[in-house]
Amino acid sequence: MKKRLISVFLVATMAISCFAACGKDEQQEVVDAPVQVTVTEEPTDAEDKGAFFEQTKDGKVRSYITGEWVDEEIGRSRPFALMIENTKDCLPQYGVGNAGIIYECPVEGSITRMMAIFDDYSGMDRIGNVRSSRPYFVYFASEYEAVYGHAGGNPAAFDLIDQGLVDNLNGLDGDLSTDMYFRAKDSSAPHNLYASSDGVVAGIKDRDYDMSYSSSFEPNLMFTDESDPNMVADGTNCEVIKLYYYYNHPYWIYNKEDGLYYRYEFGKAQIDAATGEQLTAKNIILQFADWFSYTGSDYIGFFLNDYTGKGLYFTNGRAVEISWTKGDENTVTRYYAPSGEELELNVGKTWIQLCQDDCVEDNEYFETVEEFEKSSKK
């Protein structure tokens with residue numbers, strides 16, 4: 001029998017539907033927006049976090065993105081974040097399996113879009129395809145001090161980019177459109193724009209971006225050591241996560257043999273065409289957030305700054321309720337365990353899925369794969 005891991009979460013009253021249609025690039029104003037709740041960001045366990053990332057081993061350091069051991073020139077250089085389309089027309093995607101973190105968020109028209117964050121983006125001939133920016137992705141990219149790749153964007157996103165919140169590489173800029181990005185011949189526009197490792201390096205060089213972290217940078221994710229894996233002992237068994245996203249209907253299935261969740265959408269495995277392998281994650285975070293629409297378009301936005309909310313964390317076939325908080329646009333999102341301490345992720349790749357608060361109850365969770373398979377046959 002299907003088991004719900006959550007009961008009733010705080011849901012904001014909205015005057016808009018979860019099903020938003022495709023919009024146009026118009027001047028945007030917030031309408032029917034819930035009142036913001038100002039929060040004070042809780043202090044992090046800086047000593048524990050610092051100790052973890054200060055470790056060295058055989059000349060390697062801990063990645064700020066995955067917690068894994070990486071070469072120092074990779075682990076202590078700013079990452080690269082790239083906007084990725086996620087529709088049937090763009091599949092299969094290339095290079096996303098190399099990302100250490102992937103954000104998947106709803107956009108207009110009930111589709112989702114992804115942002116892949118790489119600390120190691122070497123050796124890839126084709127990454128993408130590449131699509132346009134939305135403001136919440138800009139906020140997330142800034143939290144990692146990532147150089148941000150995209151191809152255009154809506155007005156709200158460009159407001160943040162123009163303010164200097166991120167160093168960006170826009171595929172619609174004349175020189176970058178050829179120096180960094182390229183059009184593949186095996187698909188049609190707008191689904192055929194891609195980047196490459198050499199292109200990313202060229203784009204960073206063209207814009208003369210400093211790839212050193214700022215002196216004020218602090219890792220926003222915490223990881224636990226492999227010798228003491230996070231088993232989510234207080235959580236609930238959960239081997240299948242079925243998300244409400246109305247267009248691609250994604251779900252994750254846990255594999256006990258390797259301890260990873262495997263990704264599916266559109267009814268089949270989601271494959272990285274560059275490797276032929278299915279996308280996987282060690283950690284999955286569902287982040288529930290209030291959302292709104294913009295006057296004059298069907299673009300949607302999320303209330304992230306000066307906010308706190310709830311969510312779920314999945315790892316090792318188990319799940320636990322969590323909370324999150326973020327101060328102003330210059331602070332990072334923090335995730336907290338039920339104990340109130342900052343959430344420690346298992347070392348490995350993480351997917352962060354932004355979920356509209358009033359659609360959360362449409363997510364489904366199954367204790368076992370067998371229960372999911374029985375439910376699917378009904």
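The model is predicted.

**Aromatic rings**

A pair of aromatic rings is described by the distance of the centres and the angle of the planes. The structure holds 27 aromatic pairs. Take Tyr-103 and Phe-140. Their ring centres are 4.3 Å apart and their planes meet at 20°, so this pair is stacked. The cut-off for stacking is planes under 30 degrees apart. Tyr-103 belongs to strand β6 (residues 101-106), while Phe-140 belongs to helix α3 (residues 135-143), so the pair ties together parts that are 37 residues apart in sequence. Both Tyr-103 and Phe-140 are buried.

Some rings gather in a group. Phe-52, Phe-53, Tyr-64, Tyr-213, Phe-217 and Phe-223 make up one aromatic cluster. Another arginine, Arg-126, lies over the face of Tyr-94, at 4.0 Å from the ring centre.

Strands of a sheet pair through backbone hydrogen bonds, either parallel or antiparallel. Here, an open sheet of three strands runs in the order β8-β12-β11, with antiparallel pairing. Which strands stand at the edges? They are β8 (127-128) and β11 (181-183). Each has a single partner strand, so one side of each is left without a neighbour in the sheet. Two bridges join β8 to β12 (residues 193-195). Within this pairing, Gly-128 stands opposite Tyr-194.

Two cis peptide bonds belong to this part of the story. One runs from Gly-128 to Asn-129, with omega near 20°. Asn-129 sits in the loop between β8 and α3. The other runs from Ala-189 to Pro-190, with omega near 5°. Pro-190 sits in the loop between β11 and β12.

**A covered hairpin**

Now look at strand β23 (residues 291-294). Both of its faces are covered. Trp-291 and Ser-293 are buried on one side, and Phe-292 and Tyr-294 are buried on the other. β23 pairs with strand β24 (residues 300-302) in the antiparallel sense, over three bridges. Phe-292 stands opposite Gly-301 in β24. The two strands β23 and β24 form a hairpin with five residues between them. In the turn, Gly-296 has a positive phi of about 85°.

**Positive phi outside glycine**

Asp-58 has a positive phi too, near 50°, and is not a glycine. Its place is the loop between β2 (56-57) and β3 (60-62). Is Asp-58 buried or exposed? At 73% relative accessibility, Asp-58 counts as exposed. His-249 also has a positive phi, of about 45°. This histidine is found in the loop between β15 (240-242) and β16 (251-255). With a relative accessible area of 47%, His-249 is partly exposed.

**Cavities**

How many cavities of 30 Å³ or more does a search of the whole structure find? It finds two. The table sets out their volumes and linings.

| Cavity | Volume | Lining by class |
|---|---|---|
| Largest cavity | about 60 Å³ | eight nonpolar, three polar, no charged residues |
| Second largest cavity | about 40 Å³ | six nonpolar, one polar, one charged residues |

Eleven residues line the largest cavity. Pro-106, Ser-110, Tyr-244, Tyr-246 and Gln-356 lie nearest its centre. The second largest cavity is lined by Asn-220, Leu-221, Met-222, Ile-285, Tyr-335, Glu-342, Leu-343 and Leu-345.

Methods: Residues numbered from 1 in each chain as written. Predicted model: local features only at pLDDT ≥ 70, side-chain atom pairs only at ≥ 80, totals over all residues. Heavy atoms only, no water. Phe/Tyr/Trp six-rings, centres within 6.5 Å; stacked < 30°, edge-to-face > 60°. Helix = DSSP H or I, 4+ residues; strand = E, 2+ residues; numbered from the N terminus. Buried < 20%, exposed > 50% of the residue type's maximum accessible area, 1.4 Å probe, protein only. Lys NZ or Arg CZ within 6 Å of the ring centre and 35° of its normal. Pairing = 2+ DSSP bridges. 1 Å grid on protein atoms, 1.4 Å probe; cavity = no way out; pocket = protein on both sides within 12 Å on 5 of 7 lines; lining within 4 Å. Points joined across faces, edges and corners; volume = space filled by probe spheres on them. Nonpolar A, V, L, I, M, F, W, Y, C, P; charged D, E, K, R; others polar.
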